[in-house]
Amino acid sequence: MLDHRSTVFGGCVKYIEEARPIVFVLENVRGIKTIDHGRAFSFVLSTLRCIGGRGFYKVYYKEINANDLSIPHNRPRYYFV
């Protein structure tokens, strides 16, 4: 079972829970979508959406490649806002 408590992601979740920022941005590798047949991606999304109780944060995500922003680097990543 996936667990966020002892990971970098867990540290981010803890910070968001304690600081309650108006908005946050997290970045993750493109492969997050396929790790463990998509369960890792679903876990991240559901964990972020449950911070502070259901509906406290609306979480959006998008895959963005730095190259698409005229940055000379081919690096697709997922961003969660």
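Reply: Leaving aside neighbours within four places in sequence, N65 is in contact with H73, N74, R75 and P76; contact means heavy atoms within 4.5 Å. This is a predicted model, in which local features need pLDDT of at least 70 and side-chain atom pairs count only at pLDDT 80 or more, while totals for chains, interfaces and linings use all residues. Residues are numbered from 1 along each chain as its sequence is written, and side-chain values use heavy atoms, with hydrogens and water left out.

N65 belongs to strand β2, residues 61–65. Helices (H or I, at least four residues) and strands (E, at least two) are DSSP runs, numbered from the N terminus. N65 counts as buried because its relative accessibility is 14%. Buried means under 20% relative accessible area, exposed over 50%, and partly exposed in between, with a 1.4 Å probe and protein chains only.

Two backbone nitrogens can be named beside the side chain of N65. That of N67 is reached by this side chain at 3.0 Å, and that of R75 lies 2.9 Å from one of its polar atoms.

Now the wider setting. The chain has 2 helices and 3 strands, and along the sequence they follow the pattern α-β-α-β-β. Buried residues make up 30% of the 81 residues in the chain. Among contacts between residues at least 6 apart in sequence, 54% join residues at least 24 apart.

The largest nonpolar core has 16 residues, and I16, F24, L26, L48, V59 and F80 have the most contacts inside it. α1 (8–19), α2 (39–50) and β3 (76–80) each supply at least two residues of this core, and α2 gives the most, with 5 residues. A nonpolar core is a set of buried Ala, Val, Leu, Ile, Met, Phe, Trp, Tyr and Cys residues joined through side-chain atoms within 4.5 Å. In soluble globular proteins, nonpolar side chains tend to be buried together. Apart from neighbours within four places in sequence, I16 is in contact with P21, F24, L26, L48, I51 and Y57.

V25, by comparison, sits in the loop between α1 and β1 (26–29). V25 counts as exposed because its relative accessible area is 54%.

Definitions and conventions. Polar contact = N/O pair within 3.5 Å; in protein donor to acceptor, adjacent residues only side chain to side chain.
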